[in-house]
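Student: I would like to go through some of the terms used for this structure. Please set each one against its definition.

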Amino acid sequence: MAVNSRLSGVKDLSVSERRARIARGAAVEPESLEVLDPERGLTLEQADHMVENAIGVLGVPLGVATNFTVNGRDYLIPMATEEPSVIAAASNAARIARVTGGFTTSTTEPLMRAQLQVLDVGDPHTARLRLLEAREELIALADAQDPQLLRFGGGVRDVDVHLVDAPGGTYVVLHLIVDVRDAMGANAVNTMAEAIAGRVGEIARGRTLLRILSNKADLRLCRARAVFNAEALGGPEVVDDIVHAAALAEADPYRAATHNKGIMNGVIAVVLATGNDTRAVEAGAHSHATGRYRGYTSLSHFEKDSDGNLVGALELPMAVGLVGGATKVHPVAQAAVALLGVTTARELGEVITAVGLAQNLAAVRALATEGIQRGHMSLHARNVAVTAGATPEELPLVVARLITDRAVRADHAEKVLAELRGEG
């Protein structure tokens, strides 16, 4: 059964009704989503095996973004986030992109790199050549550490050597380039780096110090693009204003930081939901924003095409996997991957990048039109009303008043509740 991500009215359903509707749309058994209940999710015993000194688990809301079409296929996308408006914004942007065919994505090979730092080398330039001459030996030694990776078609693809000038001297830094297949890759490349460290030190005639993965995953890139219909966005003036707003993010690092945070709102929500390493993806993204041009800049680009529509593009390092880590241990992450329906790390990375672009478009469009607070505070008003003590019956009335009064604050919610209840 094909997945249908175009689901309308989901927000108006109860949680149980919503889950059943999502399960039907994603073509998965409703029972497979039962682990999304807090009492059936990650147990304390499981948490104790995952981290040191475990004393509990932290719940994060997990929602589903709708309307996504990526490379001609529909996806219902699990997103774990505590921030209101993120999931709604992504879904709305995906609906607009859907008009013109959705998102088109591509990916490079899943190449990760480890770095081995060599100190106290008397002849660093010549040492670099000696290490390059030993390329085949070092590759064979590293590959011997992970025969299973080789069986799946992965393994070391190259060796590179950099000379890095620092206050402590010139370091010889060997880069081991590894195809990690469907893994995130940290464990694989770290094991290889440690295994060859002694031999690298011998060849370079120095002392090997650091031997670890680099999270600057600039060889493992995912790209997403989409056309957003001008009329669906609000007209030609909105398109022009979005282009201007995006141009400021490309030119000004102060704006770029917030612009890229909007991208990562979507990216990290899916990375977290699927049990992947949010810190690694975040570090890779921001290092990519710094390394491409002069200083820190926008990760995305928006422009107007010859038909007057908005075209968006996003490129990100995407070190995510489906093998190992929390993805295979955390029951909710397993359910999220099943709901998403991806079968390779490449596919997962492409979907995540599409979500990042959708999130970015939604945020920039809001900024270029009514401002970011209108939609954000409308959803935030629910949290404020609940905190103030509103019952399910009172909730819509209190939320409506908070928005109408443009006062989404706890004290005002308490005042509105008192009026509704005829108190004081």
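Student: What is the strand order of the open sheet, and how do you know that its strands pair?

Tutor: The open sheet of 4 strands has the order β3-β8-β10-β9, with antiparallel pairing. Two strands count as paired if DSSP finds at least two bridges between them. β3 and β8 (residues 221–228) pair over 4 bridges, β8 and β10 over 8 bridges, and β9 and β10 (residues 310–317) over 5 bridges. Each pair therefore meets the requirement of at least two bridges. The model is predicted: local features need pLDDT of at least 70, side-chain atom pairs count only at pLDDT 80 or more, and totals for chains, interfaces and linings use all residues. Residues are numbered from 1 along each chain as its sequence is written, and side-chain values use heavy atoms, with hydrogens and water left out.

Student: Why are β3 and β9 called edge strands?

Tutor: β3 (104–107) and β9 (300–304) each pair on one side only. From one strand to the next, the twist averages 15°.

Student: Which residues stand opposite each other in these pairs?

Tutor: Among them, Thr104 has Arg225 in β8 as its bridge partner. Phe228 stands opposite Leu310 in β10, and Phe302 stands opposite Gly312 in β10.

Student: What makes α13 a largely enclosed helix?

Tutor: Buried means under 20% relative accessible area (exposed is over 50%, partly exposed in between, with a 1.4 Å probe and protein chains only). Of the 24 residues of α13, 20 are buried, so this helix is largely enclosed by the rest of the structure.

Student: Why is α4 called oblique to α7?

Tutor: Helix α4 (residues 124–133) and helix α7 (residues 186–204) pack at about 130°, with their axes 8 Å apart. Angles under 35 degrees count as roughly parallel, over 145 as roughly antiparallel, 65 to 115 as roughly perpendicular, and the rest as oblique. The angle of about 130° belongs to the rest, so α4 is oblique to α7.

Student: Which residues make the contact between α4 and α7?

Tutor: Contact means heavy atoms within 4.5 Å. Ala127, Arg130 and Leu131 of α4 make the contact with Val200, Ile203 and Ala204 of α7.

Notes:
Axes are lines fitted to C-alpha atoms, for helices over the stretch in contact, and angles run from 0 to 180 degrees between N-to-C directions.
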